[in-house]
Amino acid sequence: GKRVVFLKQLASGLLLITGPHKLNNCPLRRIAMCYVIATQTKLDLKSVKVPDHLNDEYFRRPRASKRAAKSEDTDIFASTKTSYTVSDQRKEDQKKVDAGILAVVKKSADKKTLFGYLGSSFCLVKGQFPHNIKF
């Protein structure tokens, strides 16, 4: 797993998180609460401006229509999958949010530890339970 920064809770109940992308390659994304383990590490994110347009609609991908155009020239076995490409708007939003978070981490007293902490990965092994661990 990755260590990420919680930004806000969306209207659907999902959590908006980010890596920051520069530290652990985790982009802005929404994730369900059941996949998150809270820790005692706190960052003062009052100075970080999270844009208001980062909501559930922002993260929804356009759905392909299931009904193909019915014509005699189309081949039913020819499936063209379109690959997802990141939009320029998402790249700009990622840069803005990451710049604010990295500035907060740099201002903290234990910045060297926080950079290492956010950049490292996390895993549980057999017999470890998250409710018994002190983070």
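**Pockets and rings**

Modeller: Helix H3 gives the largest share of the lining of the second largest pocket, with 4 residues. The model is a predicted one.

Biologist: How much space lies in the second largest pocket?

Modeller: About 370 Å³. It is lined by 14 residues, with Pro 27, Leu 28, Val 86, Arg 90 and Gln 94 closest to its centre. Two or more lining residues come from each of E3, helix H2 (56–59) and helix H3 (88–107).

Biologist: How does the lining of the second largest pocket divide into nonpolar, polar and charged residues?

Modeller: Into 6 nonpolar, 2 polar and 6 charged.

Biologist: And how do the residues lining the largest pocket divide?

Modeller: There the lining has 21 nonpolar, 4 polar and 4 charged residues. The space in the largest pocket is about 880 Å³. Nearest its centre, among 29 lining residues, are Val 4, Val 5, Phe 6, Val 36 and Ile 37.

Biologist: How many aromatic pairs does the count come to?

Modeller: The count is 1 aromatic pair. Tyr 58 and Phe 59 have ring centres 5.0 Å apart, and the cut-off for a pair is within 6.5 Å.

Biologist: Why is the pair of Tyr 58 and Phe 59 called edge-to-face?

Modeller: Their planes stand at 85 degrees. Edge-to-face requires over 60, so the pair is edge-to-face.

Biologist: What makes Tyr 58 count as buried?

Modeller: Its relative accessibility is 16%, and buried means under 20%. Therefore Tyr 58 counts as buried.

Biologist: Is Phe 59 buried or exposed?

Modeller: Phe 59 has a relative accessible area of 9%, also under 20%, so Phe 59 is buried.

Definitions and conventions:
Residues are numbered from 1 along each chain as its sequence is written. This is a predicted model: local features need pLDDT of at least 70, side-chain atom pairs count only at pLDDT 80 or more; totals for chains, interfaces and linings use all residues. Side-chain values use heavy atoms; hydrogens and water are left out. On a 1 Å grid over the protein atoms alone, a cavity is a set of points where a 1.4 Å probe fits but cannot get out, and a pocket is an open set with protein on both sides within 12 Å along at least five of seven lines; lining residues have an atom within 4 Å of a point. Grid points are joined across faces, edges and corners, and a volume is the space filled by probe spheres set on the points. Ala, Val, Leu, Ile, Met, Phe, Trp, Tyr, Cys and Pro count as nonpolar, Asp, Glu, Lys and Arg as charged, and the others, Gly among them, as polar. Rings of Phe, Tyr and Trp (its six-membered ring) pair if their centres lie within 6.5 Å; planes under 30 degrees apart count as stacked, over 60 as edge-to-face and the rest as tilted. Buried means under 20% relative accessible area, exposed over 50%, partly exposed in between (1.4 Å probe, protein chains only).
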